[in-house]
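Please keep the sequence and the model in view while reading.

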Amino acid sequence: LTEKLNVAVIGAGGRGGGNLGEVAKTENIVTLCDVNENNLNKAGASHPKARKLVDFRKVFDSPNEIDAVIVSTCEHTHAFATLAALQL
């Protein structure tokens, strides 16, 4: 199977940047989200076609475009983003 998943990444800096780098080797990155615009812009430079957002709730406005979500946020927001992702 050569079909790739369309992946949204929430939290694109720090550990999220590492996760992004690994998954981008084999899958399509369609959405990037980070509250820190420096992290978002850095990640976006490598994925210019990806939608860029600062509010994780907006990631889920287009659920038909996403096959998987990587949540790499800090502990106090991780559960909120994960719960939304599980409802896709």
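Predicted model: local features only at pLDDT ≥ 70, side-chain atom pairs only at ≥ 80, totals over all residues.

A residue is called buried here when its relative accessible area is under 20%, exposed when that area is over 50%, and partly exposed in between.

## Helix 1

In helix 1, the residues Gly16, Leu20 and Val23 are buried. Viewed down the axis of helix 1, the buried residues fall within an arc of 75 degrees, so they line one face of the helix. On the other side of helix 1, the residues Arg15 and Glu22 are exposed. The cover over the buried residues of helix 1 includes strand 1 (6-10), strand 2, helix 2 and strand 4 (68-71).

## Helix 2

Which residues of helix 2 are buried? In this helix, which spans residues 37-46, they are Leu40, Ala43 and Gly44. Seen along the axis of helix 2, its buried residues fall within an arc of 105 degrees, so they line one face of the helix. Among the elements that cover these buried residues are helix 1 (15-23), strand 2 (28-33) and strand 3 (51-53).

The face of helix 2 turned away from the buried side carries the exposed residues Asn38, Lys42, Ala45 and Ser46. For Lys42, which lies in helix 2, the relative accessible area is 66%, and the residue is therefore exposed. Lys42 and Gly13 are 29 residues apart in sequence, while their C-alpha atoms are 8.4 Å apart in space.

## The start of helix 2

Asn36 is found in the loop between strand 2 and helix 2, and with a relative accessible area of 34% Asn36 is partly exposed. At the start of helix 2, a side-chain oxygen of Asn36 reaches to within 2.8 Å of the backbone nitrogen of Asn38. Between Asn36 and Thr77, which are 41 residues apart along the chain, the C-alpha separation is 14 Å.

Is His47 buried or exposed? This residue lies in the loop between helix 2 and strand 3, and its relative accessibility of 16% is the reason why His47 counts as buried. When neighbours within four places in sequence are left aside, His47 is in contact with Leu20, Ala24, Ile29, Leu32 and Lys52. Of these residues, Leu20 is one of the buried residues of helix 1.

Lys52 lies in strand 3 and, at 34% relative accessibility, counts as partly exposed. Leaving aside neighbours within four places in sequence, Lys52 is in contact with Leu32, Leu40, Gly44 and His47, and both Leu40 and Gly44 are buried residues of helix 2. A polar atom of the Lys52 side chain lies 3.5 Å from the backbone oxygen of His47, and the side chain of Lys52 also reaches the backbone oxygen of Ala50 at 2.6 Å.

## Thr31 in strand 2

Thr31 lies in strand 2, and a relative accessible area of 1% makes Thr31 buried. Not counting residues up to four places away in sequence, Thr31 touches Val7, Ala8, Val9, Ala50, Arg51, Leu53 and Val59.

Glu27 is found in the loop between helix 1 and strand 2. With residues up to four places away in sequence not counted, Glu27 touches Lys4, Leu5 and Val7. A polar atom of the Glu27 side chain lies 2.6 Å from the backbone nitrogen of Leu5. Glu27 and Ala85, which are 58 residues apart in sequence, lie 18 Å apart in space from C-alpha to C-alpha.

## The largest pocket

What volume does the largest pocket have? Its volume is about 210 Å³. The pocket is lined by 14 residues, of which Gly11, Val35, Thr73, Cys74 and Thr77 are the closest to its centre. The residues of this lining divide into seven nonpolar, six polar and one charged.

Note on methods. Residues numbered from 1 in each chain as written. Heavy atoms only, no water. Buried < 20%, exposed > 50% of the residue type's maximum accessible area, 1.4 Å probe, protein only. Helix = DSSP H or I, 4+ residues; strand = E, 2+ residues; numbered from the N terminus. Arc of directions from axis to C-beta. Contact = heavy atoms within 4.5 Å. Polar contact = N/O pair within 3.5 Å; in protein donor to acceptor, adjacent residues only side chain to side chain. 1 Å grid on protein atoms, 1.4 Å probe; cavity = no way out; pocket = protein on both sides within 12 Å on 5 of 7 lines; lining within 4 Å. Points joined across faces, edges and corners; volume = space filled by probe spheres on them. Nonpolar A, V, L, I, M, F, W, Y, C, P; charged D, E, K, R; others polar.
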